Amino acid sequence: MDHYNRYKVQTKDNQLMDYEEKTKTFDWSQVEKSFSWNETGKVNIAFEAIDKHCESNKKNKIALMYSDSIRKEAYTYQALKEHSNRMGNVFRDIGIRKGDRIFIFMPRVPELYFSFLGALKIGAIVGPLFEAFMEEAVKDRLADSEATMLITTPELLKRVPLHELPHLKHILLYGENIEVKSGFYDLNAEWQQASPQLKIEWMNLDDPMLIHYTSGSTGKPKGVLHVHRAMIQQYQTGKWVLDLKEDDIYWCTADPGWVTGTSYGIFAPWLNGVTNVIRGGRFSPEDWYKTLEKNKISVWYSAPTAFRMLMAAGEQIVKQYDLSTVRHILSVGEPLNPEVVRWGLETYGKRIHDNWWMTETGSILIANYPQMEIRAGSMGKPIPGIHAAIIDDDGTELPPYTMGNLAIRTPWPSMMRQIWKNEEKYKAYFRISGWYLSGDSAYIDDDGYFWFQGRLDDVINTSGERVGPFEVESKLVEHPAVAEAGVIGKPDPIRGQIIKAFISLRQGYFESEELKEEIQTYIKHGLAAHAVPREIEFKDKLPKTRSGKIMRRVLKSWELGLPTGDLSTMED
Ligand code: 6R9
């Protein structure tokens, strides 16, 4: 195990949250008092995120700063309130009612956010889709959720098999020179002439608001349903974990097609009333550093895959930008390799704070807090109000350093409330009474830090040794030639499984037998003999999800010549 790799960095923050104390005394009802619905019980998350701030001195504060290669715009809280009201009126006039599903399949432009908020305001359930989805993925999601309205562009509409989607009645097209025929609308023309005053649909805390489809290991994607109550935890983790303060300029790099792009790209920043930066277009190190510099970003939330790419681009380029406004950096989605944390500290002069959660959990549950000592490679500790544990198959909590199922005591405010039309799948998460089973394997150290090992089905058993693929991957990326690595167990008649590594090389390195051997020796000395990948295969690119997760199950099925299962979330 890689404990020796951890290093300690002491707190420098003045607003120390006394973790131990809070963990003992905190309960979620304390947060409810921060919201206006505390008395009426009727609520709308979009109102709390936007409109509420317009009743205070935040009316003219910038809520959204947007840029892509063509547009550069800023919207105040008041402007966001009015634009989302207009969208709400458009949708309601077309006939959308509380509980109907509106899907959004469009590039990351301001109008996406206006319509997202507008849909919530009239009580609809929003389904955000990645712009890069192809026909099959789009069809599965619209059909399963029986969506009645879709907001998209003429270009993307080509990927929507309308004749196979009988429930889909209204298409709102975003773009220029939109041709309007029956059932089709010109989104821009409609919203710009709609009234900026809207009668908000007041909801119950447990009424649904959002559906995110997430892939299981096989079969069709599941529709994870979230309710308005989630705001309690999105708001509070915005304070505790993102460390959001009044004057922050915040950037979450995630697309709303991924839960990080909604919980932390929309809800947490706006519930906390900060300035939220949205950037359209693709990843490039230059553009990203420019975005940080130009917008004077102070809090930056991204993912390991992006940090690894920035690391591969080198420290030279970082020196060309003034990143001095950046105060706090966070990462989620995959294990954050210790090497990346060390590199970040050297290069940005900042620690990158890993945190753990899932589409199903709705918001952050385990985190390296801004104020706490970071252990590189650990996901951190559970936030107050969350009881996380490593349990065995009977629900018994396991002692430190024992690998098992990462589980959470139910419930918590942002917990999913349904797998759309699939009671059975939903129940499977809760099959051990009182617990939510994440399907991740992990262990806890003596001080209560959680260490990720892999998905449960990813754990490798080689000659009787259990090896978490992440440990090996993390060691691999410490080697100067390795840009990224994916590690799987491959059946072996003698050892049960052997470890096989798929590796993409950094620029300037080329595959050879010598390099393979050098990497194997590196693992042997750096980790353990039993952790050495007996097979190494070099690849230009590793299969990843759009949120940047290395898809080990795809590597496995390639290796074994098996069907790859659902690939709708895979990058092009
Ligand atoms: C927010 C998000 C959830 C799965 C989760 C785990 C992996 C997320 C992680 C992490 C190690 C972290 N994961 N954060 N693994 N360290 N800090 O990513 O949601 O797309 O549903 O994925 O991602 O395997 O179970 P989602």
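**Figure 1. Helix 10 and its buried residues.** In helix 10, the buried residues are Met-231, Ile-232, Gln-233, Gln-234, Tyr-235, Gln-236, Thr-237, Gly-238 and Trp-240. The model shown here and in the other views is predicted. Helix 10 covers residues 231-240, and because 9 of these 10 residues are buried, the helix is largely enclosed by the rest of the structure. The loop between helix 10 and strand 12 (249-252) holds Asp-243. Although Asp-243 is not a glycine, its phi is positive, at about 65°. Most residues other than glycine have a negative phi. Asp-243 has a relative accessible area of 5% and is therefore buried.

**Figure 2. The whole protein, for orientation.** The protein has 18 helices and 28 strands. Its C-alpha trace spans about 70 × 55 × 55 Å along the principal axes. A compact globule of 572 residues would have a radius of gyration near 25 Å, and the 23 Å of the protein agrees with this. Of the 572 residues, 62% are buried. When contacts between residues at least 6 apart in sequence are considered, 68% of them join residues at least 24 apart. The accessible surface is about 22,900 Å², and carbon and sulfur atoms account for 48% of it. There are 70 positive and 78 negative side chains, with the centres of the two sets 3 Å apart.

**Figure 3. Helix 16, residues 469-478.** This helix is mostly covered, with 10 of its 10 residues buried. The buried residues of helix 16 include Pro-469, Phe-470, Val-472, Leu-476 and Val-477. Charged residue types are also on the list of buried residues in helix 16, among them Glu-471, Glu-473, Lys-475 and Glu-478.

**Figure 4. Ile-408 in strand 20.** Strand 20 runs over residues 404-409 and contains Ile-408. Is Ile-408 buried or exposed? Its relative accessibility is 0%, so Ile-408 counts as buried. Leaving aside residues up to four places away in sequence, Ile-408 touches Trp-356, Leu-365, Ile-386, His-387, Ala-388, Gly-434, Trp-435 and Tyr-436. The C-alpha atoms of Ile-408 and Ala-389 are 6.4 Å apart in space, while the two residues are 19 apart in sequence.

**Figure 5. The loops on either side of strand 20.** Tyr-401 lies in the loop between strand 19 (388-391) and strand 20. The phi of Tyr-401 is near 65°, a positive value in a residue other than glycine. Tyr-401 counts as partly exposed because its relative accessibility is 37%. In the loop between strand 20 and strand 21 (418-419) lies Pro-411. The peptide bond that joins Thr-410 and Pro-411 is cis, with omega about -15°. Most peptide bonds are trans.

**Figure 6. Asp-440 and its contact with Arg-455.** Asp-440 belongs to strand 22, residues 435-444. With a relative accessibility of 6%, under the 20% limit, Asp-440 counts as buried. Which side chain makes a polar contact with the side chain of Asp-440? The partner is the side chain of Arg-455, at 2.5 Å. Residues that Asp-440 touches, not counting those up to four places away in sequence, are Trp-356, Gly-404, Asn-405, Leu-406, Phe-452, Gly-454, Arg-455 and Leu-456.

**Figure 7. Asp-68 in the loop between strand 2 and strand 3.** The loop that holds Asp-68 lies between strand 2 (62-67) and strand 3 (72-76). Asp-68 has a relative accessibility of 26% and so counts as partly exposed. The side chain of Asp-68 is joined to that of Tyr-66 by a polar contact of 2.7 Å. A polar atom of the Asp-68 side chain also lies 2.7 Å from the backbone nitrogen of Ile-70. Asp-68 and Ile-278 are 210 residues apart along the chain, and their C-alpha atoms are separated by 8.8 Å.

Figure 8. Ser-284 is in the loop between strand 13 (275-279) and helix 12 (285-294). The relative accessible area of Ser-284 is 18%; residues under 20% count as buried, so Ser-284 is buried. A polar atom of the Ser-284 side chain lies 3.1 Å from the backbone nitrogen of Asp-287.

Methods
Residues are numbered from 1 along each chain as its sequence is written. This is a predicted model: local features need pLDDT of at least 70, side-chain atom pairs count only at pLDDT 80 or more; totals for chains, interfaces and linings use all residues. Side-chain values use heavy atoms; hydrogens and water are left out. Helices (H or I, at least four residues) and strands (E, at least two) are DSSP runs, numbered from the N terminus. The radius of gyration is taken over C-alpha atoms; the globule rule is 2.2 Å times the number of residues to the power 0.38. Buried means under 20% relative accessible area, exposed over 50%, partly exposed in between (1.4 Å probe, protein chains only). Contact means heavy atoms within 4.5 Å. Accessible areas come from the Shrake-Rupley method with a 1.4 Å probe; for residues, only the protein chains shown count as cover. The place of a charge is taken as NZ of Lys, CZ of Arg, CG of Asp or CD of Glu. A polar contact is a pair of N or O atoms within 3.5 Å; within protein, one must be able to donate a hydrogen and the other to accept it, and residues adjacent in sequence count only if both atoms are side-chain atoms.
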